[in-house]
Amino acid sequence: MAEKTKYDIKLKYCPNCGESLLKAGSLLNEYWISEDTAYFCWCGECSWRGEIIEVTRVTGPELVTS
């Protein structure tokens, strides 16, 4: 059985190039906005940067069909 680390981060790979964000030279910062978990990422391999938000609930309108 694999040993769990103290901090279990769900996001581990760059959404642009697929390189690990846990490598030295990359940045991965987890924070919270109300009930949602947000990640600020910067990939040291391809220089992609952005925020990814894991939402707990989405409310959308009902689509009308003709």
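1. Two strands pair if DSSP finds at least two bridges between them. In this predicted model, strand β2 (residues 36-42) and strand β3 (residues 49-54) are joined by 6 bridges and run antiparallel.

2. Strand β2 also pairs with strand β1 (residues 27-33), again in the antiparallel sense, over 7 bridges. Glu30 stands opposite Tyr39 in β2, and Trp32 has Thr37 of β2 as its bridge partner.

3. Next, the turns. The hairpin of β1 and β2 has 2 residues between the strands, and Ser34 there takes a positive phi near 55°. In the hairpin of β2 and β3, 6 residues lie between the strands, and Ser47 takes a positive phi near 65°.

4. How many salt bridges does a search of the whole structure find? The search finds 2. Side chains of opposite charge can pair when their charged atoms come close.

5. Lys10 is exposed, with a relative accessible area of 61%, while Glu54 is partly exposed at 30%.

6. In another salt bridge, the side chains of Lys23 and Glu19 meet at 3.0 Å, N to O. Lys23 is partly exposed at 39% relative accessibility, and Glu19 is partly exposed at 26%.

Conventions:
Residues are numbered from 1 along each chain as its sequence is written. This is a predicted model: local features need pLDDT of at least 70, side-chain atom pairs count only at pLDDT 80 or more; totals for chains, interfaces and linings use all residues. Side-chain values use heavy atoms; hydrogens and water are left out. Helices (H or I, at least four residues) and strands (E, at least two) are DSSP runs, numbered from the N terminus. A salt bridge is a side-chain nitrogen of Lys or Arg within 4 Å of a carboxyl oxygen of Asp or Glu. Buried means under 20% relative accessible area, exposed over 50%, partly exposed in between (1.4 Å probe, protein chains only).
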